[in-house]
Amino acid sequence: MPTSVSVVCPTFNSAKFVDRALESVLSQTVAPLEVIVVDDGSTDDTVVVARRVLDRHPEVPATVIEAPHRGPGSARNAGIRRARGAWIAFIDSDDVWLPRKLEAVGRAIAAHPEVNLVCHGEERVLLDGSRRPLDYGAWYDPHRPLPPQLYSRNFLSTSAVTCRRQLLEDTGLFDEALMSSQDYELWLRMSSKMRPVFIREILGTYHDRADSISSGRPWRRWLNLLRVSLRHRDKVGWLATARRLARLTASFGAQALGRPT
């Protein structure tokens, strides 16, 4: 069942929590082929902490790339280009995998050799400490075309996705011009070629952060989502596009006013 998986972890000022993320990768029941950390111009001790953790696990080949600050899309792309594996698994520096994550992904790939993307459930930890299970597979209907489903609702999470490298390369990697929503834009771009399988169990933890793009700058995330929605409007037509834009505007307007969404 061994699957050739390269793990790509972009970091930026992550010294307080990157050790937790990397330890969760390096403590898997099935080890990855390699771990690639791409630091996006941190001004804290992120690189020092990351190297310290990686040095504790010499049995797993690891690379640390120190890059200028160009955003998470650029960092992920640098990791993909350096990777040797046939599959790429992403983990953000503030997220955590459960120990059986790569084992479960390998079993899913072995059971479904036609797939080119695997996504599992996560637990979301909100800013107030509350927790919510996220079963992404519950939102996917395999009997309907995927592009309009993803357009209406993004049910792929970067730290829960393991993707065949060829699919990433064939669709042009992450859009480095976007400072948020790069993952959603890439999923939409790949959607017509995507053959996904969903693991209906929680295999990771996704942490909200007060200083993240999505939490700290909702207006910028709204603008990027607007751009992405307009760019891919051909997947659903104008009526569905208008509904999507109206929902986005209402949701982010409520966030700006401090109302629950």
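This is a predicted model: local features need pLDDT of at least 70, side-chain atom pairs count only at pLDDT 80 or more; totals for chains, interfaces and linings use all residues.
## Helix 4 and its partners

Helix 4 (residues 101–111) is mostly covered, with eight of its eleven residues buried. The buried residues are Lys101, Leu102, Glu103, Ala104, Val105, Gly106, Ala108 and Ile109. They pack against six strands: strand 1 (5–11), strand 4 (87–90), strand 5 (96–97), strand 6 (117–125), strand 8 (161–164) and strand 9 (196–207).

Beyond residues up to four places away in sequence, Thr162 touches Trp87, Ile88, Ala89, Lys101, Val105, Asn116, Leu117 and Val118.

In soluble globular proteins, nonpolar side chains tend to be buried together. The largest nonpolar core of this model has 39 residues, and those with the most contacts inside it are Leu156, Leu168 and Met190. Helix 7 (residues 182–190) supplies the largest share of this core, five residues. Met190 is in contact with Leu117, Cys163, Leu167, Leu168 and Thr171, when residues up to four places away in sequence are not counted.

## The packing of helix 1 and helix 2

Two packed helices are described by the angle between their axes and the distance between the axes. For helix 1 (residues 18–26) and helix 2 (residues 46–55), the axes come within 9 Å and cross at roughly 25 degrees. Angles under 35 degrees count as roughly parallel, so helix 1 is roughly parallel to helix 2. Their crossing is right-handed.

On the side of helix 1, the residues that take part are Val18, Asp19, Leu22, Glu23 and Leu26; they meet Thr46, Val49, Ala50, Val53 and Leu54 of helix 2. Sorted by class, this contact has seven nonpolar residues, one polar residue and two charged residues.

## Pro32 in a loop

Pro32 is located in the loop between helix 1 and strand 2 (34–40). Is Pro32 buried or exposed? Its relative accessibility is 7%, so Pro32 counts as buried.

Apart from neighbours within four places in sequence, Pro32 is in contact with Val5, Val7, Val25, Val60 and Leu102. The C-alpha atoms of Pro32 and Ile88 are separated by 9.8 Å, and these two residues are 56 residues apart along the chain.

## Two residues with positive phi

Most residues other than glycine have a negative phi. Asn13 is not a glycine, yet it has a positive phi of about 45 degrees. Asn13 lies in the loop between strand 1 and helix 1, and it is partly exposed, with a relative accessible area of 25%.

Ser181, also not a glycine, has a positive phi of about 65 degrees. Ser181 is placed in the loop between helix 6 and helix 7. At a relative accessibility of 7%, Ser181 counts as buried.

Conventions: Residues are numbered from 1 along each chain as its sequence is written. Side-chain values use heavy atoms; hydrogens and water are left out. A nonpolar core is a set of buried Ala, Val, Leu, Ile, Met, Phe, Trp, Tyr and Cys residues joined through side-chain atoms within 4.5 Å. Buried means under 20% relative accessible area, exposed over 50%, partly exposed in between (1.4 Å probe, protein chains only). Helices (H or I, at least four residues) and strands (E, at least two) are DSSP runs, numbered from the N terminus. Contact means heavy atoms within 4.5 Å. Axes are lines fitted to C-alpha atoms, for helices over the stretch in contact, and angles run from 0 to 180 degrees between N-to-C directions. Angles under 35 degrees count as roughly parallel, over 145 as roughly antiparallel, 65 to 115 as roughly perpendicular and the rest as oblique. A crossing is left-handed if the near helix is turned anticlockwise from the far one by less than a right angle, and right-handed if clockwise. Ala, Val, Leu, Ile, Met, Phe, Trp, Tyr, Cys and Pro count as nonpolar, Asp, Glu, Lys and Arg as charged, and the others, Gly among them, as polar.
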